[in-house]
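Thanks for coming, everyone. I'd like to walk you through one model today, starting with charged pairs and then moving inside.

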Amino acid sequence: LMALTSWGADHVIDYKEKDFVKEIWKLYTKPHRRTFDGGVDVVINFTGGDTWVPSLRVLRRGGRLLTCGATAGFDPKTDLRYVWTYELKILGSNSWAPEDLERLMELIADGRLKPVIDTVLPLDRTAEGVRQLAEREVIGKIIITP
């Protein structure tokens, strides 16, 4: 988690140790549906599953949730009344469009973006890499080498 601070995070909350909804409410106050007070503007959710509903609950009115993964489950129960009451925007990103990947590679080549590599594994340990992703044991990418 210290790495996240070194990458520029203002606050780091380990969701396995603390209720991140309550921690965010302590930092920014609970979102209010009639004003634009409390909560955060944007949440990026890579896992789906049990983090989906809590991610919605920390967004301020008009906030945005970007979803780009579902390693913890793809079918979370969502109370749609919460989405329309707070006027939330849910955006998806699969990052698979060729032009997106080309732009990403340009940013990396130019040194403007440095990918976070958590683990490097040989090809015969691919299953271990998939397990680590499913168990949410990594921050960043897992590289599989031939």
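So, by salt bridge I mean a side-chain nitrogen of Lys or Arg within 4 Å of a carboxyl oxygen of Asp or Glu. This structure holds eight of them. Before I go on: this is a predicted model, where local features need pLDDT of at least 70, side-chain atom pairs count only at pLDDT 80 or more, and totals for chains, interfaces and linings use all residues. Residues are numbered from 1 along each chain as its sequence is written, and side-chain values use heavy atoms, with hydrogens and water left out.

Okay, the pairs. Arg136 bridges to Asp50, with the closest N and O atoms 2.7 Å apart. That pair links distant parts of the chain, 86 residues apart. Then there's Lys26 with Glu23, at 3.2 Å between the closest N and O atoms.

Is each of those two buried or exposed? Here buried means under 20% relative accessible area, exposed over 50%, and partly exposed in between (1.4 Å probe, protein chains only). Lys26 counts as exposed because its relative accessibility is 63%, while Glu23, at 17%, counts as buried.

Now inside. A nonpolar core is a set of buried Ala, Val, Leu, Ile, Met, Phe, Trp, Tyr and Cys residues joined through side-chain atoms within 4.5 Å. The largest one here has 14 residues, and Val40 is among those with the most contacts inside it. Leaving out residues up to four places away in sequence, Val40 touches Ile24, Tyr28, Val58, Leu59 and Arg60, where contact means heavy atoms within 4.5 Å.

How values were computed. Helix = DSSP H or I, 4+ residues; strand = E, 2+ residues; numbered from the N terminus.
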